[in-house]
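User: Could you take me through this structure? I would like to start with one residue and what surrounds it.

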Amino acid sequence: MRQLCKGNVAVVKGAILAGCEAYYGYPITPASEIAEAAALYLPQAGRTFLQAESEVAAINMVYGAAAAGIRVMTASSGPGLSLMQEGISYLAGAELPCVIVDVMRGGPGLGNIAPEQSDYFAMVKGGGHGNYRNLVLAPASVQEMAELTMLAFDLADKYRNPAVVLTDGFVGQMMEPLALEYREPTPPLKPWAVKGTPETRNNLVSSIYLECDDLENHQRSMEAKYIRAQQNEVRYELYRTEDADLLLVGFGMVSRILRSTVDEARKQGLKVGLFRPISLWPYPTKELAMVGRNADKVLVVELSNGQMLEDVRLALEGSRPVEFYGRVGGNVPSVEELIETIEQHRSVAA
């Protein structure tokens with residue numbers, strides 16, 4: 001079925017198709033429509049919606065539902081995600097699968113309600129305490145808001161780990177055509193879950209290991225699954241990179257602007273291409289290094305002061321110059337602005 005849909009609403013429709021049984025959350029702009037849509041659609045599908053008294057309560061409700069073995073999600077934005085960080089660490093430590101949607105807004109602190117990409121460090125690098133990783137996917141369209149949410153549920157269950165859909169206020173608020181097809185969700189069996197039944201009486205969900213060797217063994221086991229994810233779950237997109245002298249790198253909404261920038265640059269005879277990471281963790285490090293070695297220079301564009309920039313530089317290991325252009329505060333660069341930036345970098349190189 002094809003429909004006109006807002007990005008935040010597409011998240012909920014994708015979650016329902018993925019078999020999400022419960023949503024616990026607290027509204028915050030620009031993510032509020034996710035809670036509103038969940039309140040409308042989940043009960044219609046015979047599932048649970050509950051508005052928690054706070055983001056702290058919401059993430060701990062997610063912990064409880066995940067421990068019972070059901071597919072569960074929450075969503076928020078910057079300040080709300082900051083409050084959830086301890087709970088996310090607990091979820092990762094207890095190896096509980098769940099989906100968390102972060103519709104990024106300007107920060108730090110209260111900031112504003114306009115789009116930024118400044119939660120990259122918090123979501124991709126962890127945020128909470130301890131040695132853990134979030135699986136992180138970055139949609140760039142309303143269609144991907146639904147599809148990557150569905151994928152996030154599968155990855156969360158596959159690796160028994162929190163999976164994050166990391167987007168921004170622009171993608172969350174915009175409306176585009178959305179095509180959905182019914183699919184029968186197939187969540188895996190979860191023999192480790194605590195369901196209040198005689199069969200699961202002996203199950204224990206916890207993240208505490210008081211003996212040093214026990215905790216080290218647990219963390220080594222977690223590390224092994226993260227290595228598997230790095231080998232199997234990398235996702236990215238290339239656009240006109242075959243002969244590119246200048247490689248642009250951006251994710252989410254920025255990648256859409258960069259795609260138009262590539263087209264405009266090509267009209268002007270400039271050999272420009274785009275590398276778009278879709279999985280922010282695991283990051284497509286090897287793939288970027290391979291594509292980047294054919295370019296003379298790499299330009300990273302973000303709605304931040306430069307957070308993904310660090311991963312790009314690590315991937316290229318100094319083999320190519322890496323420049324940066326960022327806008328913050330809710331400002332989004334235009335194609336014309338980026339073409340001017342490209343020209344400036346070309347003139348400096350010349």
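User: Which residues does Met 73 touch, leaving out those up to four places away in sequence?
Analyst: Met 73 touches Val 11, Ala 15, Cys 20, Ala 22, Tyr 23, Tyr 24, Val 62, Val 99, Val 101 and Phe 153. Contact here means heavy atoms within 4.5 Å.

User: Before we go on, what kind of model is this?
Analyst: The model is predicted, so local features need pLDDT of at least 70 and side-chain atom pairs count only at pLDDT 80 or more, while totals for chains, interfaces and linings use all residues. Residues are numbered from 1 along each chain as its sequence is written, and side-chain values use heavy atoms, with hydrogens and water left out.

User: How many residues are in the largest nonpolar core?
Analyst: The largest nonpolar core has 115 residues, and Met 73 is among those with the most contacts inside it, together with Leu 96, Val 101, Leu 248, Val 249, Leu 280 and Val 312. Helix H6, residues 142-159, gives the most to this core, with 11 residues. A nonpolar core is a set of buried Ala, Val, Leu, Ile, Met, Phe, Trp, Tyr and Cys residues joined through side-chain atoms within 4.5 Å. Helices (H or I, at least four residues) and strands (E, at least two) are DSSP runs, numbered from the N terminus.

User: And how many aromatic pairs are there?
Analyst: The count comes to four aromatic pairs. One of them is Tyr 23 with Phe 49, which is stacked, at 5.8 Å centre to centre and 15° between the planes. Rings of Phe, Tyr and Trp (its six-membered ring) pair if their centres lie within 6.5 Å; planes under 30 degrees apart count as stacked, over 60 as edge-to-face and the rest as tilted.

User: Where do Tyr 23 and Phe 49 lie?
Analyst: Tyr 23 is in strand E2 (residues 22-25) and Phe 49 is in strand E3 (residues 48-51), so their pair ties together parts that are 26 residues apart in sequence. Tyr 23 counts as buried because its relative accessibility is 1%, whereas Phe 49, at 24%, counts as partly exposed. Buried means under 20% relative accessible area, exposed over 50%, and partly exposed in between (1.4 Å probe, protein chains only).

User: What about Tyr 226 and Trp 281?
Analyst: Tyr 226 and Trp 281 form an edge-to-face pair, with 5.8 Å centre to centre and 85° between the planes. Tyr 226 belongs to helix H8 (residues 212-232) and Trp 281 to strand E12 (residues 279-281), 55 residues apart, and the pair links these distant parts of the chain. Tyr 226 is buried, at 9% relative accessible area, and Trp 281 is buried, at 6%.

User: New topic: where is Gly 329?
Analyst: Gly 329 is in the loop between strand E14 (322-326) and helix H12 (335-349). Its relative accessibility is 40%, so Gly 329 counts as partly exposed. Apart from neighbours within four places in sequence, Gly 329 is in contact with Asn 112, Ala 114 and Glu 116.

User: Is Asp 311 buried or exposed?
Analyst: Asp 311 is buried, because its relative accessible area is 9%. This residue lies in helix H11 (residues 308-316). Not counting residues up to four places away in sequence, Asp 311 touches Tyr 120, Val 124, Lys 125 and Tyr 283.
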